Amino acid sequence: MRNSATLLEVVDVDVSFKTVLGPLRVLDKVSLKVEQGEIVGLVGESGSGKSLTGLTIMRLLPPQAVTDAGIIRFRGVDLLGLSEREMRRIRGSGVAMIFQGIRTGLNPLMRIGDQVARVYRVQQGLSSKDAYEKGIESLQQVAIPRAEAWARAYPHQLSGGMCQRVLIAMVLACKPDLLIADEPTTGLDVTIQAQILELIKEIRLKIGASIVLITHDLGIVAETCERVVVIYAGQVMETGTVSSLFAEPLHPYTQSLLGSVLRVDRAVALTDGPGTITEEVSFRTGGCRFAARCPVALPQCWHERPLWRELEPGHGVACHRQV
Amino acid sequence: MEAVGEVEGLLSRAPESRLSRSVLLLRRHPQLGAGLAILVALVTTLALAQVLVPYDPLRGDSSTVLEPPSQAHPLGTDSFGRDILSRIAQGAWLDLPIAFTTVAIAITLGLLIGALAGYTGGLVDMVVMRATDILMAFPSFILAMVMVAVLGNSVPTVVIAIAVSFVPDFIRLARGEVLSERELEYVDAARCAGNSEWRIMYIQLLPNCLTPVLVHGTLCLAWAILDVAGLAFLGIGITPPTPEWGVLVSEGVRHTISGDWWVSLFPGATILLAALGFNLVGDSLRDITAREERGQ
Amino acid sequence: MEPLLRIEKLTKVFRQGRHVLRAVDDLSFEINPGETVGLVGESSCGKTTTARCIMGLDKPTSGRIWFDGLDLTALSRRDMRRQRRWLQMVFQDPDASLNPRFTVRRIVTDPLRLVTMEGRGDHERRLQATMERVGIPPAFLSRYPHQLSGGQKQRVGIARAIIINPKFVALDEPTSSLDMSIRIHVLSLLKQLQEELGITYLLISHDLSSVRSLSERVLVMYLGRLVEAGPVEAVFDRPYHPYTRALMSAIPVPEPGLNRKRIVLPGEPPDPFNVPPGCAFCERCAEAAAYCHREPVQLREVQPGHLVACHLGSE
């Protein structure tokens with residue numbers, strides 16, 4: 001069932017790493033959909049493959065990773081079938097990505113004004129002078145004070161929050177249809193995080209882009225996103241609208257995530273003792289990868305991959321317990 | 001790429017056998033295998049030679065002067081009728097221990113002084129660093145030459161001279177490592193655990209600074225062999241009739257002109273192989289550790 | 001009740017050439033035995049420097065630190081080492097705070113040098129008991145830090161801090177590097193250890209959610225100064241200071257449709273080398289009046305035990 005407003009559709013994508021012990025499936029039949037103009041949260045813990053999913057969509061995987069199977073349909077075109085040259089045209093104007101390490105997105109040897117201007121020159125074919133003025137304008141749009149002065153600064157002179165703003169200014173210059181923001185606020189202070197999250201919401205209003213927000217913070221998801229995809233060890237566990245998933249989590253993993261979340265508006269009871277919980281993630285199993293940590297695992301969970309079930313429209317889950 | 005690092009981090013946590021790790025390492029770095037193979041082959045050949053070709057490396061024999069390689073003398077004989085293979089094999093007992101001792105001394109001094117300079121900082125650091133600057137201003141070989149000339153010809157002076165010429169490198173390496181390591185939280189944790197500053201520096205910090213120093217040490221083994229032989233070739237340090245590789249080469253040079261090439265070619269080739277072996281090993285170790293540091 | 005720890009006018013100044021950075025400026029507070037006090041604020045507000053001064057890792061420029069009736073700032077290096085028996089610290093980054101070349105056993109037993117009266121058997125017994133307390137199986141004792149997961153590493157860091165039964169433990173961002181689902185386990189562990197061993201905690205964190213769940217009182221710092229202090233419920237639910245209010249509202253709550261009003265602060269904290277003479281927060285404060293920029297602020301009590309440093313509402 002393909003909705004006409006579906007912007008991005010990832011279908012059963014497998015990615016594996018070449019390792020000494022043979023290939024290791026780090027993304028296992030990952031599927032997700034992004035509709036026109038929505039913000040989708042991609043939630044998971046470290047090592048869950050949430051960042052890799054972003055890189056796979058951008059086709060920016062490191063050399064030791066291979067996309068084995070699947071379709072990534074963006075505006076109706078399968079990105080996995082494009083040549084590197086065609087893909088380069090999609091990156092930027094089609095799909096843009098903001099990375100986790102804030103400073104890595106900026107060239108340390110170039111003034112930030114020139115960097116933003118360069119995006120305008122390349123993407124919109126403006127003359128250097130116009131591009132520079134446009135660049136300053138977009139720096140003002142992301143609330144950089146005294147933009148003319150800061151445009152002459154180098155990245156190391158900027159704080160983390162400012163760097164993130166510059167990157168967002170560059171995204172605005174590209175006017176992509178889809179922005180993948182990978183932990184855009186990690187390492188920033190909360191008051192700065194609030195500013196950046198507001199900016200990201202504004203991007204959607206200004207250029208109408210859909211946004212995939214990769215994060216581990218359920219608070220950010222609840223306050224920023226409309227839909228959420230929960231991923232664990234390279235498998236999508238559950239997807240749904242933010243309201244239905246938070247109100248009624250179906251997968252034991254989602255339940256444990258929501259059950260262990262700390263809140264600022266009220267104290268959470270700290271009751272359970274030292275108990276050693278497994279953090280080891282098993283990538284080498286034919287079944288559900290959460291089985292090892294699952295409190296309600298069934299025998300078949302260990303070797304049989306649960307089928308994807310949509311219990312209500314838009315709220316799907318992969319769990320043997322949900323029949 | 002943090003995403004990749006995360007997944008690989010999860011994998012590397014699994015305990016792995018030492019053997020499978022080394023096999024993997026050799027497969028990824030053929031240079032390392034080549035270097036090790038050269039060294040092992042060289043040492044076993046020379047060790048076997050002492051058993052299979054039992055000539056006295058020092059006693060001449062007037063009946064076998066300047067014989068080309070043959071069944072009886074696989075690498076020929078020199079102008080005193082001494083078997084060249086025996087002399088090279090005997091020389092290994094001098095050159096290799098000298099190289100190892102030199103580097104060991106240089107590493108020890110370098111680590112102690114460098115760690116002290118880096119950890120205490122301030123005036124001590126400044127004095128040490130300026131002193132190494134001065135030492136480094138001389139080409140190390142010339143420095144060693146001058147020192148041997150002043151201290152006199154003997155094996156210990158050669159060892160000391162070459163070690164001193166290597167020390168500045170190790171001081172700088174150790175100091176740099178200590179400077180970056182001492183900012184890490186485990187140093188504060190050690191302080192909270194009641195370790196004295198002395199213990200923190202030499203027991204907690206220093207072992208974590210060893211890797212690059214040892215890697216550089218492997219490279220220095222190659223240079224040490226070249227330096228010892230070079231000094232001997234110039235007639236400084238170790239002198240004839242001691243069977244030392246540099247001495248052997250210099251003894252043979254005048255015969256090469258008259259066509260008796262084997263006298264200096266074989267000792268020269270031995271020096272080359274030994275230096276090449278250590279260089280290959282050191283170089284690939286440096287690659288491997290640099291890569292590990294980048295987290296790959 | 002006599003406080004276990006009393007900080008009096010603590011000031012720590014760092015100099016960089018001609019520039020002066022007042023990392024901690026005239027900070028005073030007390031911690032009672034068995035209590036957990038949260039110290040919150042954003043990066044470079046001086047919260048870690050405060051802990052380092054208490055632990056004797058940094059030397060305060062001025063001010064006194066009274067611990068159990070003893071002035072730690074007046075102690076010689078040797079006497080301070082003797083006091084470390086009672087003060088320990090859990091560090092922020094479990095990757096950097098565990099020596100990569102030491103086994104878990106060696107790391108955890110390192111502080112036992114501070115209890116020299118005991119024999120080897122006593123040490124072994126302490127080790128076993130501690131590992132059981134923090135939930136690390138004995139098989140892990142021979143492992144190296146890189147063979148542990150993030151949560152396990154932090155448990156090892158906690159084991160190292162509590163093995164000698166300290167009275168006070170400074171927790172410097174103990175959960176910030178951990179996954180969300182692991183955080184609550186580590187906090188629960190800390191809570192349980194406090195109940196069993198009667199430890200007093202100073203919990204330093206920018207993660208206000210952790211502070212809310214673990215501490216009884218909270219101190220809010222901004223640019224080296226205390227802006228608000230009081231019981232957790234009071235400060236979190238009825239914050240007085242505009243900065244505290246913005247801070248609380250900036251933290252996303254994992255409950256969709258809650259529709260909290262978020263106060264987005266403009267700009268960034270001012271250059272710590274060049275703090276305005278009046279209230280440090282005045283440049284980002286929506287309610288700042290002219291005198292806020294000039295007059296230094298003093299802490300005043302708005303409710304019993306609830307202190308605020310703000311001109312607004314004062315006479």
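**Exercise 1. What percentage of the 315 residues in chain C do buried residues make up?**

Solution. The model is predicted: local features need pLDDT of at least 70, side-chain atom pairs count only at pLDDT 80 or more, and totals for chains, interfaces and linings use all residues. Residues are numbered from 1 along each chain as its sequence is written, while chains are lettered from A and ligands numbered from 1 in the order in which they are written.

Step 1. A residue is buried if 20 or more other C-beta atoms, placed from the backbone, lie within 10 Å of its own; it is exposed with 12 or fewer and partly exposed in between. By this rule, 52% of the 315 residues in chain C are buried.

Step 2. The radius of gyration is taken over C-alpha atoms, and the globule rule is 2.2 Å times the number of residues to the power 0.38. For 315 residues a compact globule would have a value near 20 Å, and the 20 Å of chain C agrees with this. Along the principal axes, the C-alpha atoms of chain C fill a box of roughly 65 × 50 × 45 Å.

Step 3. Two residues are in contact if their C-beta atoms, placed from the backbone, lie within 7 Å. Of the contacts in chain C with a separation of 6 or more, 64% are between residues 24 or more positions apart.

**Exercise 2. Describe strand E6 of chain C and its pairing with E7(C).**

Solution. Step 1. Helices (H or I, at least four residues) and strands (E, at least two) are DSSP runs, numbered from the N terminus. Chain C has 11 helices and 12 strands.

Step 1. In E6(C), residues 87-90, C:Leu87 and C:Met89 point one way and C:Gln88 and C:Val90 the other way; all are buried. In a regular strand the side chains alternate between the two faces of the sheet.

Step 2. Two strands pair if DSSP finds at least two bridges between them. E6(C) runs parallel to E7(C), residues 168-172, and four bridges join them. C:Val90 has C:Leu171 as its bridge partner in E7(C).

**Exercise 3. Which helix gives the most to the side of chain A that touches chain C?**

Solution. Step 1. The contacts involve 43 residues of chain A and 44 residues of chain C. Helices H7 (190-207), H8 (218-224), H9 (242-247) and H10 (252-259) of chain A each supply at least two residues of the chain A side.

Step 1. H7(A) gives the most, with seven residues.

**Exercise 4. Is B:Leu143 buried or partly exposed?**

Solution. Step 1. B:Leu143 lies in helix H6 (residues 140-151) of chain B. It counts as partly exposed because it has 19 C-beta neighbours inside 10 Å.

Step 1. Leaving aside neighbours within four places in sequence, B:Leu143 is in contact with B:Phe138 and B:Ser165.
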